[in-house]
Amino acid sequence: MWQEFTEQQHLQINDGKLSGQVSVWNKAAFQEGFVTLLPDTGLIRADGDDAASFLHNQLSNDVEHLSASEVRRAAYCTAKGRMLASFVYWKTDAAIVLQLSKSIQAPVQKRLGMFVLRAKVKLNDVSEQYVSFALGGAQAASVLTNWFADLPATNAHVSNESGTLIRCADVLNVARYQWLCPADKAAAAWVSLSSQLQPTNTADWNLSEIQAGIAHINQLTQEKFVPQMINFELVGGVNFKKGCYPGQEIVARSQYLGKLKRRMTLAQIPSGGLTDGMDVFNVSDGDDTNAGENKQPCGVIVNAEQINENNTLALIEMTLADQESGMIRCGSIDGPLAQLLPLPYEITDITR
């Protein structure tokens, strides 16, 4: 589906990203109105009478009490509390839809399916039934009313024959939306959207997610983090009042026994070529370029996206002590130095 759509529209997709378009990041077009594609969108639809209760027992957030319009985040963890996936999920008339990185969709769906047993639920891959548009800026709302008469509030969705529209968190005071458009309507929608909004690269949307402090788990970062290590409870991804789920004991123990020594921060790095899952090193305790070949990393790049050839915006997980006092180099002990930046939310204990 994606290949057919992109070939028809003469669009260039590389490594799950639309490229070859004009960048809007830090430019007026980001504020005014932009549109791009999210080819790395994987979608799992859970159908059946037990869909909500089954997912409620598997994920870190409440599914049973999900309202018809809400959009929530959740972690799917191993028994040791390490994240296998980060989900965005919502309810339709007949099912619950889980969105995650397409790079891990198949194995995550297979693993979830192992625990269905006698539950009345079926997990279906519906990724190819939709094209995922990401858009934002001052003009986006009026453009979207051509398909959606009523636009959703933040962290909510509306659905009709044109698909599902999600209002994402604002970034730099810019409204952002994701539209899951039925594949048979995507070509006409793209022609209309791209004639009214500035087409841009997937990287620009990824930069906005990083700026928002929202981490996404993919095949490079699976099983590296307990949810709190990437601030996932601070963006609504963990409910500490719900019942058990895989890894719940570890997640709760980390929260209530005061062991939250590792957190995620925002950073800009004067280099390209950085990737998710790459190690970072604190070299402030010695000569910052000769810290020794055996020096252990202090953290991990969670998500990274190039701003341009010479600069990268990233979310980095490491100890709070390293964040406060360290000189953090990326990729190696003599790699580029990260400039740590404030997140758009406060690091706090949401259970107190």
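This is a predicted model: local features need pLDDT of at least 70, side-chain atom pairs count only at pLDDT 80 or more; totals for chains, interfaces and linings use all residues.
I'm calling a residue buried under 20% relative accessible area, exposed over 50% and partly exposed in between, with a 1.4 Å probe and protein chains only as cover. Helices are DSSP runs of H or I with at least four residues, strands are E runs of at least two, and both are numbered from the N terminus.

Residues are numbered from 1 along each chain as its sequence is written, and side-chain values use heavy atoms, leaving out hydrogens and water.

**Helix α4**

I started with α4, residues 102-113. Its exposed residues Ala106 and Lys110 sit on the face turned away from the buried side. Which residues of α4 are buried? I found Ile104, Gln105, Val108, Gln109 and Leu112. Down the axis of α4, these fall within an arc of 140° (directions from the helix axis to the C-beta atoms), so they line one face of the helix.

Next I looked up what covers them: the list includes strands β4 (41-47), β5 (71-77), β6 (83-91), β7 (95-101) and β8 (122-125), plus helix α3 (51-56). Contact here means heavy atoms within 4.5 Å.

**Whole chain**

I get nine helices and 19 strands. Of the 352 residues, 53% count as buried. The C-alpha atoms fill a box of roughly 60 × 50 × 35 Å along the principal axes. I also checked contacts between residues at least 6 apart in sequence: 71% of them join residues at least 24 apart.

Notes
The expected span of a helix is 1.5 Å times one less than its number of residues.
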